[in-house]
Amino acid sequence: MDDPVLRVQSQLTARDRVLLGWLYDHGVLTSFQIAHALFPSLDFCQRRLRTLYRLRLVARFRPQRADGGSYPYHYVIDQLGAEVVAAGRDERPPRRDHARVERRRWTSSRTLEHRLGVNGFLTDLAGYARTHPDVRLGEWLSEAACRRSGVFTRPGDPALVRAYQPRVRPDGYGLWVVRGGRVPFFLEYDTGGEPLSVLTGKLAGYREWFAALGRAWPVLFWLHSAARERNLRRMWAETPPLVPVATGARDHATTAGLCPADAVWAVAGDGGQRSTLADLSAWVLDDRDPTEEAA
């Protein structure tokens with residue numbers, strides 16, 4: 001019997017496999033995000049995406065703008081693509097309706113904007129690394145992956161720590177590797193809809209989690225606006241955070257033509273001076289990354 005997974009394997013590049021893995025793990029990416037992260041040009045990216053679409057490895061949809069027109073294509077995994085990813089990871093094949101359920105989830109999801117924002121943060125880093133050979137995005141875990149028991153523990157850690165379920169739910173985890181150093185970090189992506197007290201309240205959960213792990217990594221708050229960042233930092237001036245935390249404002253970065261890898265981060269309690277993501281290695285307590293050690 002002809003196996004469609006085996007038939008399509010020879011037509012995939014290493015870049016295709018990275019993209020399929022991202023869509024399988026992170027749900028949805030726009031054509032612009034994919035192009036920036038993986039391709040030298042948007043035109044080249046779009047041609048390759050059309051090929052993957054014809055092969056039924058990816059599916060796509062195009063949301064309509066409220067004021068007319070449409071957004072760029074949004075790409076999700078198609079069923080064959082999900083089966084290719086599972087086979088490459090030696091995992092159980094996905095359910096037969098996996099792609100249909102995922103596509104429906106994102107075409108009708110109220111959280112689409114938030115997910116695209118989170119994914120855009122990490123594809124911005126991947127795009128920066130693509131043109132800067134001295135850095136790389138060594139790991140990128142989704143919100144769901146961060147919640148898996150034991151994902152951030154090392155072999156030999158106590159069973160109690162491996163079974164610990166944190167109260168916080170990071171929007172993602174990344175590992176930024178630069179010049180032989182590394183910055184593991186958790187991402188909190190802010191859309192401006194939550195009270196600042198809710199954002200501040202998350203730090204107690206991180207403190208508890210880091211105490212259980214015996215290590216602490218920077219928590220990055222990527223905020224909706226510079227005004228919101230100022231207000232949050234004003235709150236922290238009165239009650240300093242007890243975990244390593246840095247803030248950045250998207251509107252400031254966009255206006256300045258900067259990305260999350262650049263000097264957009266102000267560490268709480270450090271006077272407000274802006275640091276690059278690589279500079280945050282000074283705030284890592286135990287820089288060994290368990291997700292790489294387990295690989």
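In this predicted model, the C-alpha centres of domain 1 and domain 2 sit 26 Å apart. Domain 1 covers residues 4-107, and domain 2 takes in 113-286. Where the two meet, 17 residues of domain 1 are in contact with 13 residues of domain 2.

How much area is buried between domain 1 and domain 2? The figure comes to about 1,200 Å², with carbon and sulfur atoms giving 59% of it. On the domain 1 side, the residues that lose the most area to domain 2 are His26, Gln33 and His36. Together these three account for 46% of what that side buries.

Which elements of domain 1 supply the side that touches domain 2? At least two residues each come from helix H2 (14-26), strand S1 (29-30), helix H3 (31-38) and helix H6 (98-107). Of the contributors, H3 gives the most, putting five residues into the side of domain 1 that touches domain 2. Sorted by residue class, that side of domain 1 has nine nonpolar residues, six polar ones and two charged ones.

Turning from the interface to the backbone, a couple of residues deserve a look. Arg56 has a positive phi of about 65°, even though this residue is not a glycine. Where does Arg56 lie? Its place is the loop between helix H4 (42-54) and strand S2 (58-61). Arg56 counts as exposed because its relative accessibility is 57%, and the cut-off for that label is over 50%.

Asp90 is another non-glycine residue with a positive phi, here about 60°. This residue is found in the loop between helix H5 (79-88) and H6, and H6 is one of the elements that supply at least two residues to the side of domain 1 touching domain 2. Is Asp90 buried or exposed? With a relative accessibility of 73%, Asp90 counts as exposed.

Notes: Residues numbered from 1 in each chain as written. Predicted model: local features only at pLDDT ≥ 70, side-chain atom pairs only at ≥ 80, totals over all residues. Heavy atoms only, no water. Domains from an automatic or database assignment. Contact = heavy atoms within 4.5 Å. Buried area = accessible area lost by both parts, 1.4 Å probe. Helix = DSSP H or I, 4+ residues; strand = E, 2+ residues; numbered from the N terminus. Nonpolar A, V, L, I, M, F, W, Y, C, P; charged D, E, K, R; others polar. Buried < 20%, exposed > 50% of the residue type's maximum accessible area, 1.4 Å probe, protein only.
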